Amino acid sequence: MKNLLLTKGFFPESLLRPTINYILRTQLPNGCIPWFTGGKADPWDHIEAAMGLTIGGEYDAAQRAYEWLMHEQLADGSWWANYLDDQPVDKDHRETNFIAYIATGIWHYFLVTSDIKFLLRFFPAVQKAIDFVLSYQAPTGEIYWAVAEDGSAKKDALVTASSSIYKSLECAILCADQIGFNVNHWRSAHQKLGNTLRHHPEYFDRTWAPKTRFSMDWFYPILTGVVAGKAAQQRIEHKWHIFVETNVGCRCVSDEPWVTVAESCELTLALLAAGEHAKAVTLFSWLHQFMDDDGGYWTGFNFRDQVIWPREKTTWTTGAILLAADALTEHTGAARLFIRAALTHDNTDVQLHTEH
């Protein structure tokens, strides 16, 4: 397939309709969207795929996806990390960024549809999830990455996960504002988390090796609005040649010859957020060589050995493709969700120091 250069106002409907249908075919009758047919599901990736359905205009299917989430939500507002046949795969941990992500999905759906009844219906699930996550915010501002079955925190934090939560908090606050619900405590937590991410790298990766070899630690603070402006552009430039393989995509980790389509899509969004539009268009144009005949996209590619790996086409990868295509073409009302922060009380034009 030739490189696909997307521009504003030209969403490639005919090309991506099979991709939307790929998610639809994989979705179970109860609304759950597993990674692939017969595979597991997790809350974060389920939501990523559901957002793809929303962009594709499949609103009933997207609503069923959120209904499944609401049905599976535990009494304390959380979800298990993984599910198979509606049963948790294990109960060792619940990941806080997975749990918070429902706010991003619900706000995304509202931006596309303006369906206030939907927002009112699902806001209680958002509220319970966000309150659960914030109960694991450390006094120093970071949010512990996971919670054990007994409710005890796994007391360390990740830059990528906390950045994702930062965006989900923004979306939760916007949901609340839309329906007139006071959440000043969420605003305070959001501001505190942002400040910690920008200025206190010592509160992350305290009990394990730093995750700076992962590309997401590089671009997620930009994708989620933690870092913006000139600082975002400098951050992109600093590691562009480490993580980006020309005509292929974005590496998952710096020391392996493996690019992943989902990370490449998320980097596309981060580039748009940083004002690097030309880089975003070019990067995204490389990814359609990994589209299969059924509309699904292969998860990753080993460019040293020239092989698809693993041999799986994940629904969250297709969801990421649709999110990036929407942002590049401004197809829906949610096109700018990941490329412009809606809350402006923080000064984001600062450098995030996470590598040495």
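Q: Leaving aside its neighbours within four places in sequence, with which residues is V253 in contact?
A: This is a predicted model. Once the neighbours within four places in sequence are set aside, V253 is in contact with R213, F214 and F243. The residue itself sits in the loop between β7 (249-250) and β8 (258-260).

Q: Is V253 buried or exposed?
A: V253 has a relative accessibility of 6%. Buried means under 20%, so V253 counts as buried.

Q: How far apart in space are V253 and I242?
A: Their C-alpha atoms are 9.3 Å apart, and eleven residues separate the two in sequence.

Q: Next, charged pairs. How many salt bridges does the structure hold?
A: The general idea is that side chains of opposite charge can pair when their charged atoms come close. In this structure there are 15 salt bridges. One of them joins D76 and R94, with 2.8 Å between the closest N and O atoms. This pair links distant parts of the chain: D76 is in the loop between α3 (59-72) and β1 (83-84), while R94 is in strand β3 (residues 94-95), 18 residues apart.

Q: What is the N to O distance in the salt bridge of R206 and D156?
A: The distance is 3.9 Å. The cut-off for a salt bridge is 4 Å, so the pair of R206 and D156 at 3.9 Å is included. R206 lies in the loop between α8 (184-199) and α9 (215-223), and D156 in the loop between β5 (153-154) and α7 (159-178), so the bridge ties together parts that are 50 residues apart in sequence. R206 is partly exposed, with 43% relative accessible area, whereas D156 is buried at 1%.

Q: Which parts of the chain does the salt bridge of K313 and D292 tie together?
A: The side chains of K313 and D292 meet at 2.6 Å, N to O. K313 belongs to the loop between β10 (307-308) and α13 (315-329), and D292 to the loop between α12 (277-285) and β9 (300-302), so parts 21 residues apart in sequence are tied together. K313 counts as buried at 14% relative accessibility, and D292 as partly exposed at 22%.

Q: Now the strands. In what order do the three strands of the open sheet lie?
A: The order is β3-β4-β5, with antiparallel pairing. β3 and β5 are the edge strands, each pairing on one side only. Between β3 and strand β4 (residues 146-147) there are two bridges in the antiparallel sense. The bridge partner of E95 in β4 is A146.

Q: At what angle do the axes of α11 and α13 cross?
A: The axes of helix α11 (residues 261-273) and α13 cross at roughly 25 degrees and come within 8 Å. Angles under 35 degrees count as roughly parallel, which means that α11 is roughly parallel to α13. The crossing is left-handed.

Q: Which residues of α11 and α13 meet?
A: On the α11 side they include V261, C265, L269 and L272. Among those they meet in α13 are W316, A320, A324 and L328.

Terms used: Residues are numbered from 1 along each chain as its sequence is written. This is a predicted model: local features need pLDDT of at least 70, side-chain atom pairs count only at pLDDT 80 or more; totals for chains, interfaces and linings use all residues. Side-chain values use heavy atoms; hydrogens and water are left out. Helices (H or I, at least four residues) and strands (E, at least two) are DSSP runs, numbered from the N terminus. Buried means under 20% relative accessible area, exposed over 50%, partly exposed in between (1.4 Å probe, protein chains only). Two strands pair if DSSP finds at least two bridges between them. Axes are lines fitted to C-alpha atoms, for helices over the stretch in contact, and angles run from 0 to 180 degrees between N-to-C directions. Angles under 35 degrees count as roughly parallel, over 145 as roughly antiparallel, 65 to 115 as roughly perpendicular and the rest as oblique. A crossing is left-handed if the near helix is turned anticlockwise from the far one by less than a right angle, and right-handed if clockwise. Contact means heavy atoms within 4.5 Å.
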